[in-house]
Number of protein chains: 2
Amino acid sequence: MKRGTELYAVILAGGVGTRFWPLSRRTRPKQFLPITSERTMLEETVARLRPLVPEGRILTVANADQSRAIRRLAPSIPRENVLVEPRGKNTAPSLLLATASVHLRNPEGVVAVLPSDHRIAKPDVFRRKLRAAAETAALEESLVTFGIRPTFPSTGYGYIHFTRRKRKARRGEAFFSVLDFREKPDLETAGEFLNSGDYAWNSGMFVWRASVFARKLERHAPDFFPFWTRTVAALKKRSRAELAGIFEDIPALSIDYALMEKAEGTLVAEGDFGWSDVGAWSSLAGIWPRDGSRNAVKGDAVVLEAGGNICYNPKKLTALVGVRDLVVVETKDALLVCRKDRDQDVRKILGLLERSGKKKFL
Amino acid sequence: MKRGTELYAVILAGGVGTRFWPLSRRTRPKQFLPITSERTMLEETVARLRPLVPEGRILTVANADQSRAIRRLAPSIPRENVLVEPRGKNTAPSLLLATASVHLRNPEGVVAVLPSDHRIAKPDVFRRKLRAAAETAALEESLVTFGIRPTFPSTGYGYIHFTRRKRKARRGEAFFSVLDFREKPDLETAGEFLNSGDYAWNSGMFVWRASVFARKLERHAPDFFPFWTRTVAALKKRSRAELAGIFEDIPALSIDYALMEKAEGTLVAEGDFGWSDVGAWSSLAGIWPRDGSRNAVKGDAVVLEAGGNICYNPKKLTALVGVRDLVVVETKDALLVCRKDRDQDVRKILGLLERSGKKKFL
């Protein structure tokens with residue numbers, strides 16, 4: 001890290017996952033579940049950063065309930081770094097709050113925005129690339145982001161359109177100019193994106209200097225900028241009431257929509273560090289150990305001519321007989337049995353529960 | 001019932017089911033499970049008999065553990081009627097003990113042998129037919145049995161070969177001469193049996209006068225007859241030690257093999273009273289109420305494009321997403337997920353558990 005470049009990590013921990021029901025609940029979203037390892041995804045995220053960013057410069061943003069969970073899971077993060085959103089209003093307000101907090105400490109501090117519920121299989125590569133991105137952000141007047149090389153025509157991710165001509169290199173890392181941020185495409189468009197080679201999945205990881213973020217907001221998001229100045233003022237006064245007022249007024253926009261799609265000069269590096277957003281139960285098939293019949297099981301199991309199943313039942317014995325490609329998840333009060341290729345529909349269960357008055361299972 | 005015909009019911013409750021695992025366990029076989037209704041199958045069996053046979057003449061045969069369960073579930077049956085086998089040795093020893101017990105009370109008493117783990121959808125018809133069979137047994141020197149008209153070429157049942165020429169009629173019931181008892185056939189033979197119309201499934205229900213049973217044993221099963229005389233003597237003396245000795249010595253044969261296949265003059269009536277031996281989980285699909293997608297569920301469930309499933313999970317919510325024709329059973333310590341057409345293989349799980357040292361789940 002270049003001397004003088006103070007790197008801050010901002011962990012976005014406010015997500016409310018629905019696709020890991022029945023394990024995830026309203027009060028216990030994905031980042032607080034030990035699904036990719038024996039530790040929760042939040043703990044994994046903190047542990048992954050620690051060799052690069054001291055705890056004193058790791059911040060989190062989440063609501064009050066979630067922040068209590070964070071303090072319990074990551075007690076080494078200073079209490080003042082656990083930023084509590086008065087209410088959940090998408091990522092732009094969260095990042096405005098977090099970047100303003102860094103700005104008050106050091107306007108030239110570099111902020112790395114990291115979701116709390118992604119998996120990174122190669123943490124060494126991740127840290128090397130994050131260091132290079134931070135140095136780039138420290139030296140350039142650019143927002144920096146990581147793009148993931150698409151492996152299939154996903155309609156579930158936003159895309160980053162970039163020019164393959166290298167703009168910058170640092171520590172062996174290439175940075176390319178972003179042309180465009182694109183929202184989730186239809187399947188045909190996703191296929192075109194995949195084939196062109198000019199598009200990467202938007203990982204939701206961003207790196208920027210606090211002062212650059214403020215200037216980009218002022219220039220490219222003038223409707224949003226007044227909330228920045230109000231937030232800085234409220235933080236200076238340590239006024240919770242003012243902050244609550246800001247979060248009442250501020251539009252609930254994503255940072256992609258509020259700023260990234262509008263800002264100019266943004267750079268993108270390839271996030272080829274074994275990234276997965278662990279979007280649903282079937283994602284775990286590639287993460288958990290599997291038996292010879294490709295069954296990935298957390299818990300004790302006996303298997304008879306069954307294959308390709310994902311099973312989470314740590315408290316009981318599971319017997320699988322003749323079944324293929326199922327997701328089986330058991331928790332204290334609920335059991336899910338789902339076809340693996342239908343795991344995106346698990347969220348629809350929540351709608352059914354809501355409508356049928358079974359809200360205690362949400 | 002003809003005056004003077006004293007009908008006794010002997011409920012065979014010693015079975016050790018394996019096909020309803022994980023609900024059935026070594027210590028809790030099928031007859032002690034509330035799977036066909038809110039009551040256990042044993043309770044259903046007793047309740048079905050009560051309008052015809054007073055509790056004082058209902059007997060049960062089972063081992064000591066099972067007999068404790070019987071006394072708890074059917075406290076109205078006199079304690080001396082709960083016959084305890086010193087050890088489990090198949091049905092011939094059980095029925096020798098039970099028939100000898102009746103013989104001591106009334107040698108001309110009629111014994112109706114009834115499994116404790118069959119379902120009878122039409123109990124009124126059952127009682128009418130049982131009454132007719134009892135009167136026939138009281139008047140004839142015949143063993144009487146019920147045959148079930150086959151609906152498919154089952155290889156899982158024994159068959160009764162009979163002549164379709166009516167031998168006797170009583171109370172509107174036809175009784176036919178049995179030609180032969182046949183053990184479980186291969187599929188080809190089962191198909192021939194089905195097509196011929198001369199074969200019925202052996203229901204395991206028998207009716208005989210105690211004295212006739214003894215005489216048939218003496219004539220057709222001379223190797224077995226000495227155990228009869230020893231049992232009658234032991235019961236007269238109320239000697240548990242003698243009874244234990246008999247059960248050490250007696251061969252572990254089924255009544256089919258020990259007597260029915262050898263006896264002459266046996267009669268069979270059609271058991272068309274909605275009989276099912278409830279042989280495995282999939283049998284319950286026809287018994288439990290089903291939703292519009294043919295899901296039979298015991299417990300609370302939400303269903304999303306799932307059909308033909310059988311689910312037992314009374315304590316928790318079950319969510320089924322996109323899955324078809326599964327058996328899903330959850331108990332306190334185990335969960336089974338099995339293809340419905342593989343439910344006969346559930347017993348193989350027990351072998352796997354035994355071999356892998358997970359005996360606590362047996």
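Visitor: Let's start with A13(A). Which residues does A13(A) touch, not counting those up to four places away in sequence?
Guide: With those left out, A13(A) touches Q31(A), L42(A), T60(A), V61(A), A62(A), Q66(A), I70(A) and S116(A). Keep in mind that this is a predicted model.

Visitor: Where is A13(A) found?
Guide: A13(A) sits in the loop between β1 and α1 of chain A.

Visitor: And is A13(A) buried or exposed?
Guide: A13(A) is buried: 28 other C-beta atoms lie within 10 Å, and the cut-off for buried is 20 or more.

Visitor: How far apart in space are A13(A) and E141(A)?
Guide: They are 27 Å apart, C-alpha to C-alpha, and 128 residues apart in sequence.

Visitor: You mentioned L42(A). Which residues of α1(A) are buried?
Guide: L42(A) is one of them, along with M41(A), E44(A), T45(A), V46(A), R48(A) and L49(A). That makes 7 of the 9 residues of helix α1 (residues 41-49) of chain A, so the helix is largely enclosed by the rest of the structure.

Visitor: What covers those buried residues of α1(A)?
Guide: The cover includes β1 (7-12), β2 (58-62), α2 (64-73), β4 (110-115), β5 (119-120) and α4 (123-139), which belong to chain A.

Visitor: New topic: the nonpolar core. How many residues does the largest one have?
Guide: The largest nonpolar core has 239 residues. Those with the most contacts inside it are V10(A), V111(A), V10(B) and V111(B).

Visitor: Take V111(B), then. What is V111(B) in contact with, leaving aside its neighbours within four places in sequence?
Guide: Its contacts are Y8(B), V10(B), A98(B), T99(B), V102(B), V207(B), W208(B), A210(B) and F213(B).

Visitor: What about β4(B)? How many of its residues are buried?
Guide: Strand β4 (residues 110-115) of chain B is mostly covered, with 5 of its 6 residues buried.

Visitor: In which sense do β1 and β4(B) run, parallel or antiparallel?
Guide: Strand β1 (residues 7-12) of chain B runs parallel to β4(B), and 6 bridges join them. In that pairing, V10(B) stands opposite V113(B).

Visitor: And β4(B) with β9, parallel or antiparallel?
Guide: Antiparallel: β4(B) pairs with strand β9 (residues 199-209) of chain B over 4 bridges. There, A112(B) faces V207(B).

Visitor: Let's zoom out. Which domains does chain A have?
Guide: The domain assignment gives domain 1 (7-276) and domain 2 (281-361). Their centres, taken over C-alpha atoms, are separated by 30 Å. The contact between them takes 10 residues from domain 1 of chain A and 16 residues from domain 2 of chain A. On the domain 1 side, the touching residues are 5 nonpolar, 3 polar and 2 charged.

Visitor: How many residues of chain B are in contact with chain A?
Guide: 32 residues of chain B meet 32 residues of chain A.

Visitor: Which element of chain B gives the most to that side?
Guide: β13(B) does, with 7 residues. Elements supplying at least two residues each are β12 (296-304), β13 (310-321), β14 (326-330), β15 (334-339) and α10 (346-355) of chain B. By class, this side of chain B has 20 nonpolar, 4 polar and 8 charged residues.

Visitor: What does β13(B) pair with in chain A?
Guide: It pairs with strand β15 (residues 334-339) of chain A, in the parallel sense and over 5 bridges. L336(A) stands opposite A319(B) there.

Visitor: Last one: is D186(A) buried or exposed?
Guide: D186(A) is exposed, with 9 other C-beta atoms within 10 Å. D186(A) lies in the loop between β8 (173-182) and α5 of chain A. As for T189(A), that residue is in helix α5 (residues 187-196) of chain A and is partly exposed, with 15 other C-beta atoms within 10 Å.

Note on methods: Residues are numbered from 1 along each chain as its sequence is written. Chains are lettered from A and ligands numbered from 1 in the order in which they are written. This is a predicted model: local features need pLDDT of at least 70, side-chain atom pairs count only at pLDDT 80 or more; totals for chains, interfaces and linings use all residues. Domain bounds come from an automatic or database domain assignment. Two residues are in contact if their C-beta atoms, placed from the backbone, lie within 7 Å. Ala, Val, Leu, Ile, Met, Phe, Trp, Tyr, Cys and Pro count as nonpolar, Asp, Glu, Lys and Arg as charged, and the others, Gly among them, as polar. Two strands pair if DSSP finds at least two bridges between them. A residue is buried if 20 or more other C-beta atoms lie within 10 Å of its own, exposed if 12 or fewer, and partly exposed in between; C-beta atoms are placed from the backbone. A nonpolar core is a set of buried Ala, Val, Leu, Ile, Met, Phe, Trp, Tyr and Cys residues joined through C-beta atoms within 7 Å.
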